[in-house]
Amino acid sequence: MSVAASSVPRRSLGDRFWSTAMVVLIAFFVVNVFGVITSVTVSSFATRWLGTWLPSGWTTRWYSAAWAEFQLDEVLLVTMEIVFIVVALSIVIGVPAAYALARRDFPGKKAVLLLFLLPLLVPSITYGIPLATVLYQARLAGTMNGVIVANLVPTVPFVVLVMTPYIEQIDPRLEAAARVFGAGTFRVFRHVLVPLLAPGILAAALLVLVRTIAMFELTFLTAGPDSQTLVVVLYYSVFAAGVRATQSVDAMAVTYMVTTLIWLLIALRFVNPTQLVTRVKEQPKK
Amino acid sequence: MTAVERQLDRTALLAVPGILVVLLLFIYPFLHGLVLSFEPKEGGGLANYLRFFSQPFLYNTIATTLWVAIPTTLVNVGLALPIAFGMRRNSAWQRVLTTILVLPITLGTVLIAEGLLTYLGPQGWVNRLLIESGLASSPIRLTHNYWGVFLALIIAEFPFAFLLILSYVTGIDPALPRAAATLGAGPRRQFLHVYLPLLAPGLAITFCLCFVQAFSVFPSAVLLGAPAGPTRVIAIAAYTAAFEEYDYSMASAIAMIMGAVQLIIVVAVLALRGAFYRGPAGGAKG
């Protein structure tokens, strides 16, 4: 580092202008993101907010209004139920697949990796419409099962692609040693693999959880009246915003935001934030 | 020997449930949709496609969507590249900024659209600032039109582009630019002659992923745009066909067209990259 620093020529005016411009741009972006979040929050506590910087008075009544109007306790329950089942199923299906991909070479492995990569690259609305069609014909769509099944499409491959490199860095000799001492597959799994994999599984589960709470398209396309998650209810409430007070919709939005952010904060204790995004980095390019 | 081989096979079989999920819920619906799109409600096999390409109300959605997706993708990748490059070394800042940028991704497009309605609306802080600073005499319309969707896509996709490019930039061996610096190359020449050629594949992939996401924009086009006119994007057309006209055959046809356009642009970008790029991409990582 010091070599680089001393050998870089003195920074010219142009370079300094350039780096200042970068800082200004990023600050502008961040200010606007916080502006969006803050204005929703402020509005949800406002008695009346027209043509001023801040509302004329503060109240919490929109929360009780939104809670009753959107039956939020019911919606939160459905959301958590769907999300936890999706997380559990994607771990149970995804981790063994990741294990197979990390430990074995078999014919067609490249094709399998591509197969797991595709649902993450194709946008959910593009495949969501054919998927919803199939699920409606199978009479699954409109129910909670349909929503869960649809959400597995991106989450199972996500778990596979997060867990494969994680399993690759675990020394296979540990399993071999356990086998030498007579442990069967189940005991190797229970006493060697599970403890070693636990941190990786926890991280993958939290990432899936955060992504599934925010997954709008697939849930929207497959949910019926009793199986809408928080984000879908939020969409409908904005869609039909004319009939309600803005503050009520904003209170609903803040409820969604808080739910998501609590889980994000928990997740950030265990994972690097970029893991939410750069899942595609682990490409089957070898 | 045979026991060992059987063991190998059994481990590889762990991938089967995961593969089945993708085959049944991703590949099969796609093929089903493709077949269904050639079985229109009325008319011959190609009737859906003929109808799509003969009615301006339908075929114009391609141009409308491109008109939203290409500029926003160019802006996002264009801004993300220099900013990620500028941030490549400062790790304390990196962590803070990536955490902030993960916020809009985690909150998702529906919340961003909802928040922007308040923030950019005629009573919102942006217009307040413009009017009080004298830059505008009356509120500027930024919602329920093209710009609403444009800005929503910047807020939603810029962090994605940035984090992805940052992971590519930090993946480049710092010894290479250091060597260039030793030979007297300033930051600008390091960028042009060392980083840019090595980043080309990553940039092409980032562009493709951002474009594909923007091309399937849905909730913000409905909530923040003018879904009957200037932001009637192709996803809205597909959704309308499926869930308002209950014409799943037509909806599948539109979804296939949507996928085809995305594929064409992706192939074009990757081909362009191939034309500009010489030498192995992984070489830099040692």
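## Core, helix packing and domains

Let's start with Ala238(B): beyond its neighbours within four places in sequence, Ala238(B) is in contact with Ile129(A), and also with Ala251(B), Ile254(B), Ala255(B) and Met258(B). Keep in mind that this is a predicted model. Ala238(B) also turns up among the residues with the most contacts inside the largest nonpolar core, so that core comes next on the list.

**The nonpolar core**
- The largest nonpolar core counts 172 residues.
- Val159(A), Leu234(A), Ala238(B) and Ile254(B) have the most contacts inside this core.
- Helix H7 of chain B, residues 146-170, gives the most to this core, putting in 17 residues.
- Ile254(B), one of those with the most contacts in the core, is also one of the contacts of Ala238(B).

**Where H4(A) meets H2(B)**
- Helix H4 of chain A (residues 72-103) packs against helix H2 of chain B (residues 16-37) at an angle of about 115°, and their axes are 7 Å apart.
- On the H4(A) side, the contact is made by Ile93(A), Gly94(A), Pro96(A) and Ala97(A).
- H2(B) brings Pro17(B), Gly18(B) and Val21(B) to the contact.
- Sorted by class, the residues of this contact come out as 5 nonpolar and 2 polar, with no charged ones.

**Two domains in chain B**
- Domain 1 of chain B has 4 residues in contact with 6 residues of domain 2 of chain B.
- On the domain 1 side, the residues touching domain 2 are 2 nonpolar and 2 polar, with no charged ones.

Conventions. Residues numbered from 1 in each chain as written. Chains lettered and ligands numbered in written order. Predicted model: local features only at pLDDT ≥ 70, side-chain atom pairs only at ≥ 80, totals over all residues. Core = buried A, V, L, I, M, F, W, Y, C linked by C-beta atoms within 7 Å. Buried ≥ 20, exposed ≤ 12 C-beta atoms within 10 Å, placed from the backbone. Helix = DSSP H or I, 4+ residues; strand = E, 2+ residues; numbered from the N terminus. Contact = placed C-beta atoms within 7 Å. Axes fitted to C-alpha atoms, helices over the stretch in contact; angles between N-to-C directions. Nonpolar A, V, L, I, M, F, W, Y, C, P; charged D, E, K, R; others polar.
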